[in-house]
Amino acid sequence: MRGNRVAPVAPAKWAVYSLIAVLISAAIVQFVPFVWLTAPAAGVLVWIGGSALASLLLGNHQRGRVFHGVLGLVLGIVVMLIVGLFLHYSGRGISHTEVAGTMSFVCAAMVLAAVVFRREAIGAGFLPMRDVIAAVLAATVLVLAGSIAVAIQDRPVEQFEVLSFTDPAVASSIEERQVDAGAQVFVSWELHSFGYEVKQVPWSQIRLGDDQTTKVDVTSVPSVADSDSGFRGSARVRAPETPGAARIEVTVRFVGPTGEPIERQVFMAVYVR
Amino acid sequence: MSTTKPAQSARLIDPMVLRTPAAPRRRTVLALLAIGIVTIGISFRLAAEGMPAVLYYTVFWVGMLSALLPVAFQAVAATSARRDRLLAVTLFAVISGFPKFLRNPFAPSYHDEYAHYRAAIDVLDTGHLFVPNALIPIVQSFPGTSAVTAVLHLLSGLPVWISGVTIVHVLHAAGIVAVFFIVDGCLNSSRAGAIGAIVYAINPSAVYFSTQYAYESITINYFLWILALGVLAARTLDRRRRYGLLLTAIVLGMATIVTHHLTALFLTAALVGLLVVALLWPSLRKWRTDDRPQLNPRPERQTWLVLLVGFVLTVAGWVTWAAPATIDYLRPYFGGSVVELNSIARDDGDTGRRLLADSVQPIWERAFTAAAPVLLGLIALVVVWAIWRDRNRWYSTAVGLMAFGMIYFPAVLFILAPSGAEGARRSWGFTYVGIAVIAAFVLLRPSERMSTRTRSWLAGVGFVVLLIGNVGGGLNDPYRFPGPWRWGTDTRSASAEARIVGEALAAQAGRVRVVTDAYTSLQLAAYGGHDIAAPSLGFPAWELVQRDDDPSPELAQMLLTSQYNYLVVDVRMAEEAAFNGHNFGQHDPLLTLPTPKENLERLDVVPWASLVITTEHLRVYRLDLQLIGQSINQSSSNDGGGS
């Protein structure tokens, strides 16, 4: 046999180690909410599942433990694919509970199957300690260097704002946007800024036909995520007396990131009956 | 494990014939690769700041070479042990994925990445596979990528994007390790394996294209492992072990066809080639197998036949049962590109593409890009002659893989054809496995005509030429480097503004059908989940903005019946021509031209378009195309100023 000449692990010992690792990982991915714990646990689960499948299919590590370990990673990803397909076709759906439960069961079953059907010694990717230390050291250097390289690229976020109708922009058909001649129409708009905080909306205007409303009621929209902040306004305007297509216009003037005034406009067709 | 004796190919190559400096110490390697990775990050920052191209290209290559060269030395050094070579190859593979990771670590940026990211999000939203995809419709029939991404995301708690990228990069490293075993298996030398793996890791697709978050980036590594398992099976005399290897390969083949159509085609082609060579090659030998049982062709024939039959049955089953649209999807690429190549050969004008046209790449990188295929061509000529001369001593599997690698050369020509360029680019990652065998053989082939010193210098220079030339020939500048906003590229036209507009539209109106340009569409589909119109000659959706009149009644009717109720416009399309030359695909009537500003401004006065969302650069219009020809009672007086 070629490959690094490290004595293979006894099947019983390998099975016990692997099953303990699968159980602990399964418990973590199922119940623990911290990603810094669940991510390594998921990695261990996937790798042991793949290694067990490799052992089941190939038996002993034929080309050394690196061969078996890397093939185990590849087959672990295939195991994830099989789990996804199973959950889809079984109708159970791909959700956290189903994935964690099915993956844990499949990995444990494959460890047991590998031991039962492959009584010969199993490598399963266990590397000598000096290789593990070298791999951990290299991974640490890569992560640190990569983090610095990412941080170097960090650039200021874009600054922009989005002005939108909130009503009746949701109307999806002409029928829903029909109004009676001379009727009061409720109109509202929303302005969100990204990358800066809108301090002031000194002026806004809503028009429908001849009716013009200025200085409408303006309220601040609380910041929800990132640097998203903004203002919301609404008003009632009177529809024209003439039947046919008309246009609601909203124009908003606000203070930009460097203190300069900015205007944005939206408009929508309504249909006067 | 029973394998053939190494004596037969030991005469074909001499692992000691290549002299290299002693393997550097591990701490030196780690220090240099850390410096190299940080330097690559600096080059990306310089590119993003809009610095001169020659500056950020130079810094990039300083970083790449300082990170990769010491590891390459460690992998191929004559004094390295097999395990050290393998670990060094693994490290080389991991580092070769870093430029792409650093290019966009937190969000999709390449065209296909948006499509697969959205597919994964939709799988998680619905809990089921086979979700429709607006950007690449065929992705719906190949749910392997979104399935593994969703499962890893749900298991690990990592963000969806990071989950996908993690899978791609783990498989990228694993695939290059597979090449080690392929070449090692073919030439019976771990040093040859290390050389082959490193040559493969610098193929034109490896550093950027095959490390993007997309289905081929996953399956290309399944492909490599299938070949690795096949090579091992072909050389195993123990039937039980051979069946185990073949079964593992078929499991990977099933994963391949569930994930990507084109990889299935390349794998079929490779298996057919290997089987044909396994059938024919022994008849060219002058001895009988009875004389040399270790070169018995039966295991090789059996291996490739079983793999081919098993895989073709799997493909046929999947395509018939789950992905019947695949054949219609792929057909135009083959027929179209052959016709276009024919036109180029007959010099029919503007049919073809101009390589490196309008490129900002430094002249030295362009020179290396042009030199790389020439260099490989010369090497290939040496190999053809050498194989024929020593044909009695070659395994048919090694010859078959080299023959498969030769497809690289005609495939380079297809890069000139618009329809064939994508296929050609995708083929390199597959055919280069044969090139890896060829390169390892040539570097380690004993020859009295060349001293070891000359050979070592040529190997070093060849490595640098191939690395720089191949990466330069892989993808264009906007794909490789970040940079200032530029209209008309998949990567640099992306903005948080477009992403937020997509999300705002989804929040207001739900996931709707949208007409928009080829660049804004990526963000709208990925983040808003909107269904984007795919303009064509039969569905010229570009008429909404690319002409100064209302759309034709035929188009209006198509948009109405298909419920394309929204139009999204980026006004910057009127400020400059698209970098890619089009705003609405290759049939755009205003190819290479910016959209006239008047075309966009008239959208503010036509009755059939209502401006419902606006930002500094983007406009979202609600379309009511049954109002074409009507007028508004009161037009905007613009008392408060325009937007």
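I'll start with helix H8 of chain B, residues 160-187. It has 28 residues, and from its first C-alpha to its last it reaches 41 Å, close to the 40 Å expected at 1.5 Å a residue. Keep in mind that this is a predicted model. H8(B) is mostly covered, with 26 of its 28 residues buried. Just after the helix comes Asn188(B), which takes a positive phi of about 60 degrees.

Take Phe92(B) as an example. Leaving out residues up to four places away in sequence, Phe92(B) touches Leu68(B), Val71(B), Ala72(B), Ala75(B), Ile198(B) and Ala201(B).

Now the two chains together. How many residues of chain A are in contact with chain B? There are 79, and they meet 84 residues of chain B. On the chain A side, the elements that each supply at least two residues include helix H2 (35-58), helix H3 (65-89), helix H4 (96-117) and helix H5 (129-153), as well as strands E1 (160-167), E8 (244-255) and E9 (261-272). By residue type, that side of chain A divides into 51 nonpolar, 19 polar and 9 charged.

Within H5(A), Ala138(A), Ala145(A) and Ala149(A) are buried. What covers them and the other buried residues of this helix? The cover of the buried residues of H5(A) includes three helices of chain B: H2 (26-48), H4 (82-96) and H5 (98-103).

The other contributor is strand E8(A), which has partners on two counts. With strand E4 of chain A, residues 203-208, E8(A) pairs in the antiparallel sense over 6 bridges. In that pairing Arg207(A) stands opposite Glu249(A) of E8(A). E8(A) and E9(A) also run antiparallel, joined by 12 bridges. There, Ala245(A) stands opposite Tyr271(A) in E9(A). E8(A) and E9(A) form a hairpin with 5 residues between the strands, and in this hairpin Gly259(A) takes a positive phi near 90 degrees.

To go back to the contact between the chains: E8(A) and E9(A) are both among the elements that supply at least two residues to the side of chain A touching chain B. That's the end of my part.

Notes
Residues numbered from 1 in each chain as written. Chains lettered and ligands numbered in written order. Predicted model: local features only at pLDDT ≥ 70, side-chain atom pairs only at ≥ 80, totals over all residues. Helix = DSSP H or I, 4+ residues; strand = E, 2+ residues; numbered from the N terminus. Expected span 1.5 Å × (residues − 1). Buried ≥ 20, exposed ≤ 12 C-beta atoms within 10 Å, placed from the backbone. Contact = placed C-beta atoms within 7 Å. Nonpolar A, V, L, I, M, F, W, Y, C, P; charged D, E, K, R; others polar. Pairing = 2+ DSSP bridges.
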